[in-house]
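Please look through the sequence and the model before reading on.

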Amino acid sequence: MSARIAIRGIGVVGGFGTGVEALRDALAGTESGAGGPGCPRANTDALAGFVDRKALRRMDAISRLAILGACLALQDAGIERPDERTGVVVSTGYGPSSTTLAFLDSFIDSGDPCSSPTLFSSSVHNAPAANLSTLLGVTGPNLSVSQFELSASTALLTATLWLEEGRVDRVLVGGVDEYGDVLGYCWKRFFGEPVETPCLPLDTRRQTARPGEGSAFLLLERESDGRRCGGVIQSVRMGRTGGEMPPIPADRLLILGADGHRRCAGAYERLVPRGSSVTSFGHLWGSFPAATAFDAAAAAVLLQTGLTPAPPPVSDHPESWRVPAAGEPLPDAGIGLLRATAGGEYALTLMSKCHSS
Amino acid sequence: MTPRSPAAVTGIGCVCAAGRDLPSAIASMAAARRAPHPPIRFSTTHPKRYPVFGVPDEFIPPEILGRTDLLVTTRFALAATGQALADAGWDPGALRKARVGVCLGTTVGSALNIEDFYREYRKGGCPELETIERFLRSNPAAAVSRELGLDGPVQTVVNACSSGTDAIGIGASWLRAGTCDVVLAGGADELCRIIYNGFISLMITDDQPCRPFDRERRGLNLGEGAAVLVLERQGAAAARGARTRASVLGYGSACDAHHLTAPHPEGRGLRQAFAEALAAAGVAPREVAFINAHGTGTPDNDRVEGRVIRDLFPETPFVSTKGYTGHTLGAAGAIEAAFTVACLETGHLPPSAGFAVADPDIPGTPSATGLDIRGDVAISDSLAFGGNNAVLVLGRADR
C-alpha cells in the first residue's frame, strides 16, 4: 500500500466503558478494565443519544454494539451524515451468535415450520453492517468479514485499499463481537474456569485470559487534506509465520495481541525481536476475535498523545521484552500492531503520527 | 474514474449440482438438465419438501470428502481450489514460493451451524467440543491457505449472497495493490437445516423447481457448491506461460441502506454498483454481451433486478443460472462468475431454466432457449441480504 491512511475518528464501547475518553482513561491506568474473572460487558445505553429508540426496538445486541461504535467514530470525526462516498467494513469473529442460537431455539422448541423469520434475517453475519448502514444512511460499499483473530486486521487491509484506489473518500471500519452463555460454556471447556488473578497478557507461561466483548470503529480517510488526525496507517501485512515474514520492527512500540492465552503466547515469544518495547491490552477489553480493532483504536489515541500507556499487570514476561512505563515518549517510528495465532498466521499493522497533527 | 488494471483469470474450479467441474456444469446447462431433489443432508419436519440442489458425494475427490474434520463448505472450497490450480498450471509446491492471498465468500461456513451441540447444551448436558473445533478449523479462507501451506492475506467475506462476487472483486484489488502475486478468490457454501428453515420462514422458497424471472415464480431453491478463480497480474501470468482465460475488468458494490432482506424498490444500490463496475472497467453498457443475473426466482429480487437491467442495458441479453444450481448463497457469485467466463469462451448462453412466461412487471425476459452471443465483455451481478449489491465486469482473454 502506498497511500498513508489517516484516522479521523475513533468510536469504542467495551467492558472498560464507552467513548474515547473512557479509552484514554483505561490506557492511562485510571480505569482498571477487565478486573474480575467474568466477561466485562459492554453497555450500549449511549446509543439512545444517536438513534431513535423506536429504530432500536428489534435490534439485537451485536448490531447495537456495532452501531454505537460507528456513531461514536463519526461523532469523533465531526461527520454528521455519511454519504455514498463512505464505505463500511465490519469484522467479526463469531457474528450474531446469540441471535443465531435464538433462531435455533425457535425451531427446536416448536418445530421447523415455526422458525422465526425475524431472528433468521438478523442472524446472518452481515446484519450488524446492514443495520448500521440502514440507520445511518450509508450507501457506499459495504463489507463484512470473519477471520477469527485476524478479522480486524483483514478488515483494515481492505478498508485501506478502498481508500488507496479511490473507491471511497472515507471508510467506517471496525470490529465487533458479543459474549453469550454458550460462548462462556465453550470457554470453560477449552480453558477451564477463568482465574481470579488479573489477566496478565504478557505472561507467556500462564493461562490468564478472560472473555470480552465490544465494538471499536475507526473513521479512515486519505491523509491528503491537512486535517488533524489521530495517526496514520502505513501498512497492513498478513501471512504465515513460516513464510517470508517481514522483520518485526524493533524501533516501534509493539502492541501485541497477547491476551492471556498461553497457547498463543509462544508465537509472540518467537516473533518479537530482543529488546523490543512491548505492551498489550488484553487486561482492558478481554479476549475476543475482533479485539485487534480495539488495539488499533488504542494506538490511534497513543499517537495523539505521543506517550506510552500504563503497563499491563505484569508478573512475568520474557526477559528480552521491555515494557515501558506510563508516560514515556512514543518512539518516533510509531507503533506496530502484531497479532499472531496458534495456527501460525500473523498480521502486522504499522502506524505512525499524523503529519498534520 | 480511471479504469483499473485488469486481473487475469488463469484457472477456474467449480463444483455444484450442475456438475463436478466447470466443463461438465456448462455441458449439463447447455442440455437444459437440472435435478432438484428433497434435502438429503438433513431431516426436516416441514409438511412440504422444498427442493434443493445438492452436490452428490461422488463430485468430491475421496481424499477431500473424507476430511470430516472440516465443514462440508470447506471441503467444497478445497475441491474447487484443486481444480482451479490444476487448470492454471500451478503446482502447489511452486505456489508456496509466491505470495498468495485467499479471499473466499461464505454464509454457512462462518455461521454457528452447531445444532446437535446446541440441542445437548439446552438439555443441560455437557456437549463435547468436536463440533466447535471443526467450526474453528474450517474458516474457508484460512483453511484453504493452511491446507496448501500458503503465505499471504486471508479474508473470508460474509456479505451473505453477494459474498462470492465481492471476494473476487477484493482479490483483484489485492493484486493491483501488490499485496499478493496470486489470489485464490471465490466462494463456498453447503446446504444445512438452519438455512433451509430460515429461507422457508421468510416465505421466499418455492416448493417447485425455481422459475427465475417467470410470471409464476414463487421463490428460490437452495443449493450448494463452490467456485474458485486463480487471479494473477497479466504480465506475471504471461511470463510463466500461463493461459489467461479471462480478465476481471471491473468491480463495484453498494448498499441499499433500506431493509435487511428486501431490495430497494428502485434498485438504488444495484444501479450504483453497476455504475462503479462499468467505470472501473472502462466499459460502456452497449459493449456488454450478456449479463448473468442474480435471478433467484423470488418475486422481489427478480422484479427489481429485471427492471434495473432493462433500464441500464436495454438491448443486452440476460440469463439466470440458478435454475441449474439453486441459490448457493456465499458461493453463488463465484459460481456465476465461472459460468460467465465459460459462456464468453463458448459464445453461447444456456437456456434460463425455469423461465417460460414473461412477467408484465419486468420489462425484459431472459433467454428461454439458449442464445449465441457476440462480444467480449459480460457481467455477473449479485444482490444480498443486508441490501448489498455487487457487480463484476469480466472480459475475454483476447480482448
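Predicted model: local features only at pLDDT ≥ 70, side-chain atom pairs only at ≥ 80, totals over all residues.

With a relative accessible area of 53%, Cys126(B) is exposed.

## Cysteines

Cys161(B) has a relative accessible area of 5%, so it counts as buried.

A disulfide is a covalent bond between the sulfur atoms of two cysteines. Over all chains, the structure holds one disulfide. It joins Cys229(A) and Cys354(A), with 2.0 Å between their sulfur atoms. The link of Cys229(A) and Cys354(A) is right-handed, with 130 degrees about the S-S bond. Distant parts of the chain are linked in this way, as the two cysteines are 125 residues apart. Cys229(A) sits in the loop between strand 6 (214-222) and strand 7 (232-240) of chain A, while Cys354(A) belongs to the segment after strand 11 (345-352) of chain A. Both Cys229(A) and Cys354(A) are buried.

## The interface of chain A and chain B

The size of an interface is often given as the accessible area lost when the parts come together. Here chain B and chain A bury about 5600 Å² between them, and 59% of this is on carbon and sulfur atoms. On the side of chain B, the residues that lose the most area to chain A are Leu112(B), Tyr118(B) and Leu260(B), which together make up 11% of what that side buries. The contact involves 63 residues from chain A and 73 residues from chain B.

Between chain B and chain A the count is seven salt bridges. Glu128(B) and Arg189(A) form a salt bridge in which the closest N and O atoms are 3.1 Å apart.

Several elements of chain B each supply at least two residues of the side that touches chain A, including helix 5 (115-122), strand 4 (154-157), strand 8 (246-255) and helix 11 (268-281). Helix 9 of chain B gives the most to that side, with seven residues. By class, the side of chain B that touches chain A has 34 nonpolar, 25 polar and 14 charged residues.

Which residues does Thr158(A) contact, leaving aside its neighbours within four places in sequence? They are Leu143(A), Gln155(B), Ile170(B) and Trp174(B). Thr158(A) is placed in helix 6 (residues 151-165) of chain A, and its relative accessible area of 2% means that it is buried.

Ser280(A) is part of strand 9 (residues 277-280) of chain A. Its relative accessibility is 1%, so Ser280(A) counts as buried. The side chain of Ser280(A) reaches the backbone oxygen of Ala258(A) at 2.4 Å. Not counting residues up to four places away in sequence, Ser280(A) touches Pro201(A), Leu202(A), Leu256(A), Ala258(A) and Pro312(A).

## Salt bridges

Side chains of opposite charge can pair when their charged atoms come close. The structure holds 42 salt bridges over all chains.

| Residue | Partner | N to O distance |
|---|---|---|
| Asp69(B) | Arg67(B) | 2.9 Å |
| Arg134(B) | Glu130(B) | 3.7 Å |
| Arg240(B) | Glu232(B) | 2.6 Å |

Arg240(B) is partly exposed, with a relative accessible area of 29%, whereas Glu232(B) counts as buried at 1% relative accessibility. In chain A, salt bridges that share partners join Arg8(A), Asp83(A), Arg170(A) and Glu221(A) into one network.

Asp69(B) is partly exposed, at a relative accessible area of 26%, and Arg67(B) counts as partly exposed at 24% relative accessibility.

Where do Arg134(B) and Glu130(B) lie? Both are in helix 6 of chain B, four residues apart, which is about one turn of the helix. Arg134(B) is partly exposed, with a relative accessible area of 21%, whereas Glu130(B) is exposed, with 54%.

Note on methods: Residues numbered from 1 in each chain as written. Chains lettered and ligands numbered in written order. Heavy atoms only, no water. Contact = heavy atoms within 4.5 Å. Buried area = accessible area lost by both parts, 1.4 Å probe. Salt bridge = Lys/Arg side-chain N within 4 Å of Asp/Glu carboxyl O. Nonpolar A, V, L, I, M, F, W, Y, C, P; charged D, E, K, R; others polar. Disulfide = S-S within 2.5 Å. Buried < 20%, exposed > 50% of the residue type's maximum accessible area, 1.4 Å probe, protein only. Polar contact = N/O pair within 3.5 Å; in protein donor to acceptor, adjacent residues only side chain to side chain.
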